[in-house]
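Okay, thanks for coming, everyone.

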Amino acid sequence: MTALDSLRAAIARHAPQDGTFACALAGVKLIRCSSPTMPMPVIYEPTVCFVAQGRKRATLGASVFHYDPASYLVATVGLPVVGAVIEASATEPYLSLQVDLDCPALEELALKHPAREHPVPTAPGLVMNDMTPDLINAATRLVTLLDSPADVDALGPLAMTEIFYRLLSAPNGGIVRAVTQSDSRHGQIARAILWIRAHFRDVFRIDEVAGLVGMSRSTFHAHFKTVTAMSPIEFRNQLRMQEARRLMVSDGLDAASAGYHVGYDSPSQFSRDYARVFGMAPGKHAGQLRAIDN
């Protein structure tokens with residue numbers, strides 16, 4: 001049995017049916033899905049996702065990522081992504097391991113083990129890397145710890161440290177290392193993202209956000225697009241549309257009310273922006289999603 005086979009088997013044991021499962025390991029989730037899914041908007045927090053079986057697509061702005069057991073996806077900042085499982089079946093379900101990036105732990109490791117290559121000045125916020133044997137082995141050791149609950153408290157932190165070390169030392173590890181550099185351009189953009197996520201319903205000027213993180217408008221715009229694959233206004237609109245969709249599907253609001261709650265005074269402008277993001281009018285889209293949920 002290969003390490004990948006062991007990882008698949010371990011995830012399947014601890015995610016026995018479709019769903020997302022938190023576990024005894026803090027910051028670790030196991031995901032199982034037995035069929036392809038519709039594209040769903042979600043916020044990818046700083047995480048790494050390893051796929052043990054199946055295939056998934058993530059879309060950020062105009063960038064599209066397809067990842068499977070041969071690759072892994074890293075999000076270094078909170079990003080509005082549209083994700084879909086594209087390969088899965090009842091006999092071979094999509095199985096994945098998601099690990100939150102622990103910034104203090106990464107910072108400590110980065111100090112102890114300096115980069116061998118030049119630092120990445122401004123790294124994209126969502127990147128896909130080739131899986132390595134070391135990472136597969138580390139991920140397998142992490143998940144199989146769940147078979148021995150008494151060992152989790154003692155060995156779980158060590159297993160997580162190995163995952164983070166392997167991420168930092170892997171090819172393109174400088175992108176993960178950017179998470180540890182709060183005074184870098186990447187760190188400035190990360191702070192701007194947090195501010196926009198907290199104020200996406202409000203009207204604000206780009207100069208205002210740029211000033212908050214100590215950058216000129218033009219420099220801020222360029223680096224923001226490098227990290228997020230979209231402009232600050234496009235990023236805000238993505239957040240607005242995701243929240244409006246949630247309000248219509250989960251809370252039952254009509255389109256005009258949902259638009260108002262996310263910062264729109266004009267229902268027609270909201271409908272145009274929503275259709276631009278999701279490909280159809282808000283009311284029609286929400287109706288389709290509610291029918292699927294039922």
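This is a predicted model: local features need pLDDT of at least 70, side-chain atom pairs count only at pLDDT 80 or more; totals for chains, interfaces and linings use all residues.

Quick definition to start: a disulfide here is a pair of cysteine sulfur atoms within 2.5 Å. On that cut-off, the structure holds zero disulfides. Take Cys33: the nearest cysteine sulfur belongs to Cys49 and is 12 Å away. For Cys103 the nearest one is again that of Cys49, 18 Å away.

Residues are numbered from 1 along each chain as its sequence is written, and side-chain values use heavy atoms, with hydrogens and water left out.

So, buried or exposed? Buried is under 20% relative accessible area, exposed is over 50%, and partly exposed is in between, with a 1.4 Å probe and protein chains only. Cys33 counts as buried because its relative accessibility is 12%, and Cys103, at 28%, counts as partly exposed.

Now strands and helices: these are DSSP runs numbered from the N terminus, E of at least two residues for strands, H or I of at least four for helices. Strands pair if DSSP finds at least two bridges between them. Strand β9, residues 94-100, has five of its seven residues buried. It pairs antiparallel with β2, residues 28-33, over six bridges, with Lys29 partnering Gln98. Six bridges also join β9 to β4, residues 47-53, again antiparallel, and there Gln53 sits opposite Leu95.

Last one, helix α9: 15 of its 19 residues are buried.
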